[in-house]
Structure formats: C-alpha cells, structure tokens
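User: I have a structure open and would like to go through it. Can you help me read it?

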Amino acid sequence: MSVRLRLAVHGVRHNRIFHLVAIDQRKRRNAKPIELLGVYRPRVESKSPHKSVEWSVDRIKYWLGVGAQPSDSVVKLLTTGKVIPPDSKWH
C-alpha cells in the first residue's frame, strides 16, 4: 500500500476547508483517511487577517520519513510553512 499526503475538501462552496490527510493513493479524494494530519482554512476570517493552518508537524515528518509521497499542493503548503526545506527531494 502506497500512502500519499494530500488535501481532502470539506465545507460548502465559497467556504472550503481542506484537511491534510495520509491516505492510500488508490482511494477517492474524500474517502476515509488513515490519519488526519492538519486543517487548512484558506478563507480570511474577520477576527484574524491571515489564513489559518493547524497541523501536527511530528506526524507529517513521520509519514514523510516512512515513504509517504506528498502531492504538489501539499509540498507547496509545507514549504510555505517551513515544515520541509525548499530544496527537498519532493520539489
């Protein structure tokens, strides 16, 4: 079983929430994941002027260490959040 780190889409139109999940790559986008690793809210809330990301860095690094392949959008998000360096093997 090859595991992939990717984003699952939840929420209503124009108010999406993305879950960063570890999932078998043969499963559907919103299928039940192996593990939920984080939540990304791209919509700027009135309380805070920034987009919000909540994730478990230790678990993300664990899955990358055991061979999980991140999707392109996850690589971009993890690089922006400084979880992986910009010159990593996934670029």
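User: Which way do β2 and β3 run, and how many bridges join them?
Analyst: β2 and β3 run antiparallel, joined by five bridges. Strands here are DSSP runs of E of at least two residues, helices are runs of H or I of at least four, and both are numbered from the N terminus. Two strands pair if DSSP finds at least two bridges between them.

User: What stands opposite His19?
Analyst: Val39 in β3.

User: Before more detail, where do the numbers come from?
Analyst: This is a predicted model, with residues numbered from 1 along each chain as its sequence is written. Local features need pLDDT of at least 70 and side-chain atom pairs count only at pLDDT 80 or more, while totals for chains, interfaces and linings use all residues; side-chain values use heavy atoms, leaving out hydrogens and water.

User: Ok, what is the mean pLDDT of the protein?
Analyst: The mean is 90, and 100% of the residues reach 70 or more. pLDDT is the predictor's confidence in each residue, from 0 to 100. Confidence is lowest in β4, at a mean of 87, and highest in β5, at 95.

User: Back to the sheet. What is the strand order?
Analyst: The order is β4-β3-β2-β1-β5, in an open sheet of five strands with mixed pairing. β4 and β5 stand at the edges with a single partner strand each, so one side of each has no neighbour in the sheet.

User: And which residues of α2 are buried?
Analyst: In α2 (residues 72-80), Val74, Val75, Leu77, Leu78 and Thr79 are buried. Buried means under 20% relative accessible area, exposed means over 50%, and partly exposed is in between (1.4 Å probe, protein chains only). Their cover includes β1, β2, β3, β4, α1 and β5.

User: Is Trp63 buried or exposed?
Analyst: Trp63 is buried, because its relative accessible area is 11%. Leaving aside neighbours within four places in sequence, Trp63 is in contact (heavy atoms within 4.5 Å) with residues including Val3, Leu5, Ile34 and Leu37.

User: Which residues have the most contacts inside the largest nonpolar core?
Analyst: Leu5, Leu20, Leu37, Ile60, Trp63 and Leu78, in a core of 19 residues. A nonpolar core is a set of buried Ala, Val, Leu, Ile, Met, Phe, Trp, Tyr and Cys residues joined through side-chain atoms within 4.5 Å.

User: Last one: where is Lys27?
Analyst: Lys27 is in the loop between β2 (15-24) and β3 (35-41). Lys27 counts as partly exposed, because its relative accessibility is 45%.
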